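This report covers selected local features, strand pairing and ligand surroundings of the structure shown below.

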Amino acid sequence: MSTNGKLFVVGFGPGNFEHITKRAVEALQESDYIIGYKTYVELIQGLLTDQTIISTGMTEEVSRAQEAVKQAELGKKVAVISSGDAGVYGMAGLVYEVLIEKGWKEETGVGIEVIPGISAINSCASLLGAPVMHDSCTISLSDHLTPWDLIAKRVEAAAMADFVIALYNPRSGRRTRQIVETQKILLRYRSPDTPVGLVKSAYRDRQDIVITNLKDMLNHDIGMLTTVIIGNSSTFLYDDKIITPRGYQRKYTLNSEKQTLKPHQRLQKEAEPWALDQEADSMQETLTEPAGGVGLLTKAPEKKSASFEMAMEALSRVKGQTVQQSIKPIVQQKMESVFELAVSPGVANKQFTPKQMMTLAEVVGEKGTMEYTPNHKIVLKIPTTDPEVITGKLQSANFLLSPIGDVLTLKACDFCDGEKAESIPYADEIHRVLGGMKMPKELNIGFNGCGMACYSAVMDDIGIVFRKGKFDLFLGAKPVGRTAHPGQPVAEGIDPEQLVALITDIVEEYKQNAHPNERLFKYFKRAKKIQSYSYQDIAPKIHIEPAPCED
Ligand code: SAH
């Protein structure tokens, strides 16, 4: 038997010449024979010279592989072509199967080289934004070679394990029910709003991209040349792109939907309440240190790990429950996220009650944290699936709750425990109207009940000081840093009835016009004016080197 022959199994990518690899082009041009499905041969025709073409119909895959092996054994160089990657529902496995049937061994038999290509999951994903990103799987809905029951089981397993799913062969002229059944299964585990991308003929002449969702996907054209990409539970839409975040790091904040963490907030331990090493940390607590000795594990941790339970669940499933039986899903839409908020006893009230302290301890629990801040607030970070239970308990203990981050916060003094109560209603009103509002950068309003201003209102972004029945206003303090300075006194003796509207106008102007991350003092300096108040440079006149704390 001649062994000069060689088999190339070539994945040519989605179908245009920009997305085929150099090695694939070389292999095609080196070959004597090109063997493939008619439509595929046509797609690569422009790369060929005088190669002999053996093109066959869709269903003749086995004879294609056999012919390829035969020609290679006769000493020819043969390229068997697949679209995308030949190892993904392509010809690679089949060629090996034919060789194996003939007792082929690498050492003595014809040479074989499988040349990788860009598979549909990747080419289609690139046209949709970044829908894959995280753990994903491909499922072919073709039940020609695979029993439907098994396909349905895989769809269900992928759905419950929250994989991003790429459906290949979703529908053909005669196979129309599979995609309908698949949608039904998916809807049992995923929200109807889950983003779905339909890409037809990616990087080919008739390319068509549709962005839809799980509920509506069947109202669009899906055919033989379509790949359907279904997002996971954290996939979102932005400007007509489907984006799956790199991980599940999310947090809840008060008054807002679940949010994705900003990139710089990722990889922080507290943002990963689900991580296995966090479990290891709690297991560490069972380590004891005998006098003068090395740490010893005195008893095995009693808690069964979540991964153990999941493994048992998987095992019971493999032992043969059918898809039709209703089984407890491992993953539903609810996933533990970190809920962040700040609490205080009240706008003016600085006294905690024992009941409040006990409620705090209860809601924070073993896994949460509480941190006392310079703003007279306690910041809570609590892993949970249900923030509303937490806010309910805190509110019934009469806590004042506020979101954290780039929001407006009102800090008031304690009005000498209410003796200077005349102005408290104005502080309450500002908090009610503006408190928690999203801002370009954190914005603190300091509100002090008398000219002593002992809670340093003049050092806040906006300072309000009550004096002789009227208000004084300070704008644009730089509250931290070595060049910190108080706000500029911009008005004295403001009539109480005008205060809330004036502060609202200032805040609105800043919110509308400031750049993202631009603190009020920077905005004031840049804009030179807020409302009718002009900026005056009161920063120190000597040059001070910037000295951020990492230095
Ligand atoms: N080996 C190929 C897959 C062959 S199965 C690969 O790796 O991509 C055929 C299925 O692949 C089609 O039904 C469709 O779901 C998908 N597919 C292949 N090429 C595609 C393209 N250019 N655009 C969209 N989907 C494609």
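## The loop between β23 and β24

S456 is found in the loop that links β23 (443-448) and β24 (462-467); helices (H or I, at least four residues) and strands (E, at least two) are DSSP runs, numbered from the N terminus. The model is a predicted one, in which local features need pLDDT of at least 70 and side-chain atom pairs count only at pLDDT 80 or more, while totals for chains, interfaces and linings use all residues. Residues are numbered from 1 along each chain as its sequence is written, and side-chain values use heavy atoms, with hydrogens and water left out. Although S456 is not a glycine, its phi is positive, at about 55°. Most residues other than glycine have a negative phi. S456 counts as partly exposed because its relative accessibility is 36%; buried means under 20% relative accessible area, exposed over 50%, and partly exposed in between (1.4 Å probe, protein chains only).

D461 also belongs to the loop between β23 and β24. D461 has a relative accessible area of 0% and is therefore buried. Its side chain reaches the backbone nitrogen of N444 at 2.8 Å. The side chain of D461 also makes a polar contact, at 2.9 Å, with the side chain of R519. A polar contact is a pair of N or O atoms within 3.5 Å; within protein, one must be able to donate a hydrogen and the other to accept it, and residues adjacent in sequence count only if both atoms are side-chain atoms.

## A positive phi at N517

N517 lies in the loop between α14 (496-513) and α15 (520-527). Its phi is positive, at about 75°, although N517 is not a glycine.

## Strand β25 and its partners

Strand β25 (residues 470-475) has five of its six residues buried, so the rest of the structure largely encloses it. β24 and β25 run antiparallel and are joined by six bridges; two strands pair if DSSP finds at least two bridges between them. V465 stands opposite D472 in β25. The two strands β24 and β25 form a hairpin with two residues between them, and K468 in the turn has a positive phi of about 50°.

β25 is also joined to strand β26 (residues 488-494), by four bridges and in the antiparallel sense. Here L475 stands opposite Q488 in β26.

## Strand β1 and its partners

Five of the six residues of strand β1 (residues 6-11) are buried, so the strand is largely enclosed by the rest of the structure. β1 runs parallel to strand β5 (residues 111-115), with five bridges between them. V9 has V114 as its bridge partner in β5.

β1 also pairs with strand β4 (residues 77-82), in the parallel sense and over six bridges. K77 in β4 is the bridge partner of K6.

## A three-stranded sheet

Three strands, in the order β6-β13-β12, form an open sheet with mixed pairing. β6 (129-130) and β12 (236-238) stand at the edges with a single partner strand each, so one side of each has no neighbour in the sheet. The pairing of β6 with strand β13 (residues 241-243) is parallel and spans two bridges. A130 stands opposite I243 in β13.

## Cysteines

The count of disulfides is zero, a disulfide being a pair of cysteine sulfur atoms within 2.5 Å. For C450, the closest cysteine sulfur is that of C416, at 5.6 Å, too far for a bond. C450 is buried at 17% relative accessibility, and C124 is buried at 3%.

## Surroundings of the ligand

The ligand is surrounded by 20 residues, of which the closest are V88, S119, M224, T226 and T227; a residue is near a molecule or strand if one of its heavy atoms lies within 4 Å of it. This shell divides into 11 nonpolar, seven polar and two charged residues. Ala, Val, Leu, Ile, Met, Phe, Trp, Tyr, Cys and Pro count as nonpolar, Asp, Glu, Lys and Arg as charged, and the others, Gly among them, as polar. α5 (120-128) and β11 (226-230) each supply at least two residues of the shell.

A backbone N or O atom of S83 lies 2.8 Å from a nitrogen atom of the ligand. For S201, a backbone N or O atom lies 3.5 Å from a ligand nitrogen atom. A polar backbone atom of L225 is 3.4 Å from a nitrogen atom of the ligand. On its own the ligand has 540 Å² of accessible area, and the protein covers 95% of it; accessible areas come from the Shrake-Rupley method with a 1.4 Å probe, and for residues only the protein chains shown count as cover.
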